[in-house]
Amino acid sequence: MREKEEKMREIKFRAISHDTGDWVYGWYAREVTVSFIIEEVVTKSFRDVGCIEYKKHEIQPETLGQYTGLRDIHGTEIYEGDIVEYRDLISGIKGKGVVKYENGSFCIDDGFKKAFRWIDYVVEKKSNVFDNPELLGDE
């Protein structure tokens, strides 16, 4: 009998680098009053062997978002703070909202209601609240 293969959920974060203004991805760390993303970088040595290095990026903490473990219809990773368009598979209702973490779960907040049952939705990532807040309109 074959045992069921277990897959660990990938825990990672993203934030805007304090120094460059670019998005950085990796693990979150905090030292007293400064927040960081620790990025894993795979490099090649002279014998073409992969080596792992770690880069520490000071971040703008207000831009920190955790990976939901989910991807949109195009395979793009979805993080807290992303702006997504969705279609409810049951009712057919379409909407747009922001991905948030509330009550121990990720949800889509469209300003009126919060959708926690991702299995009922087709989701497409459009941007995020930091790069394109205007996509939310008057919300």
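**Reading an all-strand chain**

Q: How many helices and strands does the chain have?
A: Helices (H or I, at least four residues) and strands (E, at least two) are DSSP runs, numbered from the N terminus. The chain has zero helices and 11 strands. This is a predicted model, in which local features need pLDDT of at least 70 and side-chain atom pairs count only at pLDDT 80 or more, while totals for chains, interfaces and linings use all residues. Residues are numbered from 1 along each chain as its sequence is written, and side-chain values use heavy atoms, with hydrogens and water left out.

Q: In what order do the five strands of the open sheet stand?
A: Strands of a sheet pair through backbone hydrogen bonds, either parallel or antiparallel. Two strands count as paired if DSSP finds at least two bridges between them. Here the order is β10-β9-β8-β7-β11, with antiparallel pairing. Strands β10 (114-115) and β11 (121-128) are the edges, each pairing on one side only.

Q: Over how many bridges do β7 and β11 pair?
A: Strand β7 (residues 82-88) pairs with β11 over seven bridges, in the antiparallel sense. Glutamate 85 stands opposite glutamate 124 in β11.

Q: What share of the chain is buried?
A: Buried means under 20% relative accessible area, exposed over 50%, and partly exposed in between (1.4 Å probe, protein chains only). Of the 139 residues, 32% count as buried.

Q: Why does tryptophan 27 count as partly exposed?
A: Tryptophan 27 lies in strand β2 (residues 23-31). It counts as partly exposed because its relative accessibility is 39%.
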